[in-house]
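Me: I'd like to talk through this model with you and check what lies behind the labels. Could you take my questions one at a time?

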Amino acid sequence: MKKPDVKVVLLGDMNVGKTSLLHRYTERKFKDTISTVGGAFFLKQWGPYNISIWDTAGREQFHGLGSMYCRGASAVILTYDVTNWQSLAELEERFLSLTDTANHDCIYALVGNKADLTDLKAQLPLDLSGASPASLSGTGLHKQVPREEAMALYERILRYKGLDEKSSLPAEKMCFETSAKTGYNVDTLFETLFDLVLPSILRKRNENLVSPTVDLEEYREASARRGKTCC
Ligand SMILES: Nc1nc2c(ncn2[C@@H]2O[C@H](COP(=O)(O)OP(=O)(O)OP(=O)(O)O)[C@@H](O)[C@H]2O)c(=O)[nH]1
Ligand SMILES: [Mg+2]
């Protein structure tokens, strides 16, 4: 199995569409999901690098696992549902503290999913990009979370992390609205993050060159070659 160079984690309340976003990106489709149990990861090759994307469970009963999944993360995708204001509030109240175990230079993205329910432009399926807005059905649900609120939360996250707003990535770039259903902005989200975590990969590789870790497998094989081992 390929070894991941870097870790990206999807966090957020249950039902916001984390698993659907990952399916859309990796399988290019929107399919039925069941509520995630624990967590699972997908390995994506990005140029010469391997990126693990972790999908976590939003259900309260799995909350304790969140900080474990975030350990050593280079990017965290904090996901909410644009039709559910509480899902944004939960990010600050319940999920942000889980990211304390992430890398010190971890990148944060705020993602408002289900934009197809509120925005005409997000209703266009990928293969219908030539369709005129008039041919689309009206937007059904009221948008409960304006993008400005997500951007304000992003600024608060920077303060919580003790990061300087001026030298950090701007809210304008790091707050996305997506639709796993139509694919709207999904590739942009993941691929923007992949590009942004590359420096973290290079830094990790340099650190490993300076203080290499012990590979137990290699040690075991060498011991076996030498014959009998002792404590
Ligand atoms: N309209 C619409 N529905 C979506 C979208 N993304 C997900 N859904 C629906 O929302 C529900 C929850 O999606 P999931 O991807 O399972 O949500 P989750 O965040 O992984 O939930 P947990 O695993 O319980 O944490 C499902 O019924 C999806 O079909 C979207 O972009 N638009
Ligand atoms: Mg899920």
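Reply: Happy to; what follows goes from the overall chain to its strands, a helix and the ligand.

Me: What kind of model is this, and how many helices and strands does the protein chain have?
Reply: This is a predicted model. The protein chain has 7 helices and 6 strands, and from the N terminus on they run β-α-β-β-α-β-α-β-α-α-β-α-α. Of its 231 residues, 36% count as buried.

Me: What makes Lys 7 buried or exposed?
Reply: The cut-off for buried is 20 or more other C-beta atoms within 10 Å. Lys 7 has 23, so Lys 7 is buried. This residue lies in strand β1 (residues 6-12). The C-alpha atom of Lys 7 is separated by 4.9 Å from that of Ala 73, although the two residues are 66 apart along the chain.

Me: How do you know that β1 and β3 pair?
Reply: Pairing asks for at least two bridges between the strands. Strand β3 (residues 49-56) is joined to β1 by 5 bridges, therefore they pair, and they run parallel. One position to look at is Val 6, which stands opposite Ile 51 in β3.

Me: What is the sense of the pairing between β2 and β3?
Reply: Antiparallel, over 8 bridges, with β2 covering residues 39-46. Here Ala 40 stands opposite Asp 55 in β3. The hairpin of β2 and β3 has 2 residues between the strands, and Gly 47 takes a positive phi near 60 degrees there.

Me: Why is strand β5 called largely enclosed?
Reply: Because 7 of the 7 residues of β5 (residues 107-113) are buried, the rest of the structure largely encloses this strand. In a regular strand, side chains alternate between the two faces of the sheet. In β5 both faces are covered: Ile 107, Ala 109, Val 111 and Asn 113 are buried on one side, and Tyr 108, Leu 110 and Gly 112 on the other.

Me: Which strands pair with β5, and in which sense?
Reply: Strand β4 (residues 75-81) runs parallel to β5, with 7 bridges joining them; Ala 75 stands opposite Ile 107. Strand β6 (residues 175-177) also pairs with β5 in the parallel sense, over 3 bridges, and Glu 177 in β6 is the bridge partner of Gly 112.

Me: What makes β4, helix α3 and β5 a right-handed unit?
Reply: The test is to look with the strands pointing away from you: a path from the first strand over the helix to the second that runs clockwise is right-handed. The β-α-β unit of β4, α3 (residues 85-95) and β5 is right-handed.

Me: How do you know that the span of helix α4 agrees with its number of residues?
Reply: At 1.5 Å a residue, the 14 residues of α4 (residues 147-160) should span 20 Å, and the end C-alpha atoms are 20 Å apart, so the two agree.

Me: What surrounds ligand 1?
Reply: There are 20 residues around ligand 1, and the closest are Gly 17, Ser 20, Thr 33, Thr 36 and Gly 58. By class, the shell has 5 nonpolar, 10 polar and 5 charged residues. Helix α1 (residues 18-27) gives the largest share, 3 residues.

Methods:
Residues numbered from 1 in each chain as written. Chains lettered and ligands numbered in written order. Predicted model: local features only at pLDDT ≥ 70, side-chain atom pairs only at ≥ 80, totals over all residues. Near = placed C-beta within 6 Å. Helix = DSSP H or I, 4+ residues; strand = E, 2+ residues; numbered from the N terminus. Nonpolar A, V, L, I, M, F, W, Y, C, P; charged D, E, K, R; others polar. Buried ≥ 20, exposed ≤ 12 C-beta atoms within 10 Å, placed from the backbone. Expected span 1.5 Å × (residues − 1).
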